[in-house]
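Subject: The structure you asked to look through

Hi! Here is the structure for you to open up and click around in.

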Amino acid sequence: MKIYVLVKEVPDTYGDRKLDLETGLADRGAGDVVLDEITERALEVALSYADKNTGTEVIALSMSPESATASIRRALAMGAASAVHVADDALRGADLALTAETLAAAIRRGEPDLVITGNLSTDGSGGVIPAMLAEQLGYAQATALSALEITADQVTGTRAGDEGTQQVTATLPAVVSITEALPDARFPNFKGIMAAKKKPLEVLSLADLGVSADPAEAPHTIMTAVSEKPPRAAGIKITDEGDAVSQLVEFLAQNRLV
């Protein structure tokens, strides 16, 4: 079985994250960058299956700047057999539609049996790429899974909902996305880090994939404005002079909180 896992480099979740007010894009020079934790968990799902099923090939796929090579090498150090890095200056600021089209082209080129992703990234938090990929590829889909079982011809998982859980099954080829309910990813050991330096890492451009980023040919999302979040205003302080309760009730009523 061949499994593609989408991995993404994002600004460190625990660091300061800012938007460039001119472009509206995340300022990647403002702090450290790391592999998104949810994509590491997705990779762990694939690697755990590969550990138990000889002949399984796990490929890490990333659409990211050229500078993301170190993060992709981390996926190789964790155990992926190879990696595909889609890097093209024309993809800077790509919206969800162009991102899905580009990733789908790279996946179609590799003809995998299964694509595993996180349910949403910690930077953009779009949450729709897995479904968009399935639509582009014509694959079955099973999204936002809190449990996942892979067999030779299908995937079965559990999806949490507002009124309980739902069991879903999809026949391969399929796209699945997982939530943080899945296990933590393994940590790369020294042997894996050294081996990662020799593993194949293919770099592709839009031209290699036959995808155009020209808005005139394929118009996508248009950003109209971006601004900083306004500072939080000071709260209202109530001084108890015997009427604190009535003041509080009046405040709640005026704000339709009661």
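You'll find serine 71 in helix α2, residues 69-78. Leaving out residues up to four places away in sequence, serine 71 touches Glu9, Val34 and Leu35, where contact means heavy atoms within 4.5 Å.

Before you go on, keep in mind that this is a predicted model, so local features need pLDDT of at least 70 and side-chain atom pairs count only at pLDDT 80 or more, while totals for chains, interfaces and linings use all residues. Residues are numbered from 1 along each chain as its sequence is written, and side-chain values use heavy atoms, with hydrogens and water left out.

Now the overall picture. The protein has 7 helices and 11 strands; these are DSSP runs numbered from the N terminus, with helices being H or I of at least four residues and strands E of at least two. Along the principal axes, the C-alpha atoms fill a box of roughly 75 × 45 × 40 Å. Of the 258 residues, 37% are buried. Among contacts with a separation of 6 or more, 71% are between residues 24 or more positions apart.

What does valine 84 touch, not counting residues up to four places away in sequence? Its contacts are Tyr4, Ile59, Ala60, Leu61, Ser62, Glu202 and Leu204. Valine 84 and proline 200 are 116 residues apart in sequence, yet their C-alpha atoms are 8.4 Å apart in space.

Next, salt bridges: a side-chain nitrogen of Lys or Arg within 4 Å of a carboxyl oxygen of Asp or Glu. By that rule there are 7 of them.

- Arginine 41 pairs with glutamate 37, with the closest N and O atoms 2.8 Å apart. Both lie in helix α1 (residues 37-52), 4 residues apart, or about one turn of the helix. Arginine 41 is buried at 8% relative accessible area, whereas glutamate 37 is partly exposed at 37%.
- Arginine 186 meets aspartate 51 at 3.0 Å, N to O. Arginine 186 is in the loop between β10 (174-178) and α5 (190-196) and aspartate 51 is in helix α1, so this pair ties together parts 135 residues apart in sequence.
- Glutamate 202 meets arginine 109, also 3.0 Å from N to O. Glutamate 202 belongs to strand β11 (residues 201-204) and arginine 109 to helix α3 (residues 96-110), so to speak two distant parts of the chain, 93 residues apart.

Salt bridges with shared partners also join Glu37, Arg41 and Asp184 into one network.

Last stop, the surface. Ile236, Ile238, Leu248, Phe251, Leu257 and Val258 form a nonpolar patch there, with about 590 Å² of accessible area together. Patches are made of residues with over 30% relative accessible area and no salt bridge, joining like charges within 9 Å and nonpolar side chains (Val, Leu, Ile, Met, Phe, Trp, Tyr) within 5 Å; accessible areas come from the Shrake-Rupley method with a 1.4 Å probe, and for residues only the protein chains shown count as cover. Leucine 257, in the segment after α7 (244-254), counts as exposed at 55% relative accessibility.

Cheers!

Notes: Buried < 20%, exposed > 50% of the residue type's maximum accessible area, 1.4 Å probe, protein only.
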